[in-house]
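I opened this notebook to record what I looked up in one structure. The entries follow the order of my reading.

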Amino acid sequence: MVAGLHDLFFKAARAYRHSEFEKYMSEMSSLNPKIKDYLLEIGPGRWARCLYPRRRYNIQTSNIAESINSAVKEAREQPILKLLDELRKTFQNWFLERSKLAASTFYPVTTWAHKEMRDKLEKANCMEVEQLQTNTFNVKYNQKTFFVDLEKRTCTCRQFDLDEIPCSHAIAGIDKLYRNKYEYCSKWYDIMMYKNTYNGSLNPVGDKEDWNIPEDIKQEILLPPIYKPAAGRRKKQRYKSATETFKMSTKCGRCRRTGHNRKTCKFSPALHPYSKKHNTNEASTSCKAQSSPAAF
């Protein structure tokens, strides 16, 4: 049941339309009535895409601070100056990788936006398009009807509205007019915007002997903060959210079945020397040998 609630929660969080959101919330309520009340008490505007007051641009981040801490887990054990330099190196490497990716991209939008448009194009080719006015269309697909307004950049599926990238219905209408699909993407997907975002650099402070430190700063003595460490080993791994704590099933490396591992496998013809099946067979063989009469 936990896995079912987990899937329904993410479906409700990623839903574009209010009707889909209410559908998944009702399914969760049928499995556990307290879940719906708990999520509504938190505020759906904080985690549901269709109710968020601003644009998410198809990005949902649970805890960016914990992700950064996981990336610099080893550097956190270093002194403060070493830690700051390791943070600078980490961010500079990220900037460099994305700068190289932007330089090698020949599309007018980012590679992610281009892939999204390409995947939606295959679906758009199977749709029936009825042009109403110059920029408005009635698109039918899978026994459903969607209204597209290219001038307002909206669609009743709400993907065009929230992600600010043409949905499959809008692409079908754009192809009807033989226009450029990339012109209907938000400026935040533009490749030049992506290049300018990672165009800067985090330069090192240089050698310590070359630092120009004022005399009043040199005379100050900074003591470490008063800190009483808690009992036990300090936790290094990031804190996982409630949706990540469900237990994964074990998979055997021999027979590829779930619920056991290689050592306890009883289905593989090649037995592990310490498996229970191997020990059981040895014990039964020795018992038969002892009970049989000696041969002369």
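What follows are my notes on the chain as a whole and then on its paired strands.

I note that this is a predicted model, in which local features need pLDDT of at least 70, side-chain atom pairs count only at pLDDT 80 or more, and totals for chains, interfaces and linings use all residues. Residues are numbered from 1 along each chain as its sequence is written, and side-chain values use heavy atoms, with hydrogens and water left out.

Entry one, the whole chain. I looked up the secondary structure and found 11 helices and four strands; helices (H or I, at least four residues) and strands (E, at least two) are DSSP runs numbered from the N terminus. Of the 296 residues, 25% count as buried, that is, under 20% relative accessible area with a 1.4 Å probe, protein chains only. The accessible surface is about 22,000 Å², and carbon and sulfur atoms hold 53% of it; the area comes from the Shrake-Rupley method with a 1.4 Å probe.

Entry two, contacts (heavy atoms within 4.5 Å). Among contacts with a separation of 6 or more, 49% join residues 24 or more positions apart.

I found E1 (residues 128-131) antiparallel to E2 (residues 136-141), with four bridges; strands pair if DSSP finds at least two bridges between them. Glutamate 128 has lysine 140 in E2 as its bridge partner. Four residues lie between the two strands of this hairpin.

Threonine 136 stands opposite aspartate 149 of E3. Two residues separate the strands of this hairpin, where asparagine 142 takes a positive phi near 55°.

How values were computed. Buried means under 20% relative accessible area, exposed over 50%, partly exposed in between (1.4 Å probe, protein chains only).
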